Amino acid sequence: MACILHIETSTDVCSVAVSQDGVCVFEREDHSGPNHAVQLGVFVDEALSFVDMRLMTLDAVAVSQGPGSYTGLRIGTSMAKGVCYARDLKLVAVPTLALLCVPVLLRREIEDDALLCPMIDARRMEVYAALYDRSLKEVREIRADVVDADTYREYLDRGPVYFFGNGAAKCMEAIGHPNARLIEGIEPLARWMFPLAERRCFDEKFEDVAYFVPYYLKDFVAKLPKKLL
């Protein structure tokens, strides 16, 4: 178990949380955004004060890595790196689409054979999406999908698929399949990050603080000559 500071800025919601041994002990959220540039520093300062006043020892900082808002992810990543450097902490990256699945799995009754399809809005009929089973095993990798009736048909023909996230509602009419289920009100929030972050800490899947980048920059960085890194 660990004490982790969690930062989530992938959508219009700005949220920060602290978990201690598998329990969320501090949380701050702003749903009026996007106000990340204004609110994130305030929330992180409050979280660090909470930790220090209770003589807790932070082990790591977890940041939502995307996909999502370019600006939000840049701000969140910069803040996470700054705290890691200042306090000599490990950095953990949490995939935003997997994070969206956590409240669904914890709070909903889902059929054993069901798949989860979290969606992040990418304008028009485009979304970033992936498919997971109930154990959060990736069934289909993250893609930028232009959604129509055939996009997820091969999975829907096998059984129920639950769609959620801020890109899901607009897609339901286009998907138009009897096995498609919409769950509304699911947002990527810092208070749901701890199961994924703690697993990464346990498995020692830490990021290089200097070279970590959000999801949308991974392909770009991968193509850079090594001498520039």
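**Close-up views of a predicted model**

View 1. R199 has a relative accessible area of 46% and is partly exposed; buried means under 20% relative accessible area, exposed over 50%, and partly exposed in between, with a 1.4 Å probe and protein chains only. The structure is a predicted model, in which local features need pLDDT of at least 70 and side-chain atom pairs count only at pLDDT 80 or more, while totals for chains, interfaces and linings use all residues. Residues are numbered from 1 along each chain as its sequence is written, and side-chain values use heavy atoms, with hydrogens and water left out. The side chain of R199 forms a salt bridge with that of D203, at 3.5 Å from N to O; a salt bridge is a side-chain nitrogen of Lys or Arg within 4 Å of a carboxyl oxygen of Asp or Glu. D203 is partly exposed, at 35% relative accessibility.

**View 2. Helix α6 and what covers it.** Helix α6 spans residues 194-202; helices (H or I, at least four residues) and strands (E, at least two) are DSSP runs, numbered from the N terminus. F194, L196, A197, E198 and C201 are buried in α6. The cover over these buried residues includes strands β1 (3-8), β2 (14-20), β4 (60-64) and β5 (90-94), and helix α3 (96-107), where contact means heavy atoms within 4.5 Å. Just after α6, E204 has a positive phi of about 55°.

**View 3. Cysteines without a disulfide.** A disulfide is a pair of cysteine sulfur atoms within 2.5 Å, and the count here is zero. The closest cysteine sulfur to that of C3 belongs to C201 and lies 10 Å away, which is too far for a bond. C201 is in no disulfide either, and its nearest cysteine sulfur, in C84, is 10 Å away. C3 is buried at 1% relative accessibility, and C201 is buried at 14%.

**View 4. The salt bridge between D121 and K170.** The side chains of D121 and K170 meet at 2.3 Å, N to O, in a salt bridge. D121 is in strand β6 (residues 115-121) and K170 in the loop between β9 (161-164) and α5 (172-175), so the pair ties together parts that are 49 residues apart in sequence. D121 is partly exposed at 34%, and K170 is partly exposed at 29%.

**View 5. Other salt bridges.** The whole structure has eleven salt bridges. One of them joins the side chains of R143 and E141, at 2.9 Å from N to O. R143 is partly exposed at 37%, as is E141 at 38%. E27, E29 and R191 are linked in a salt-bridge network.
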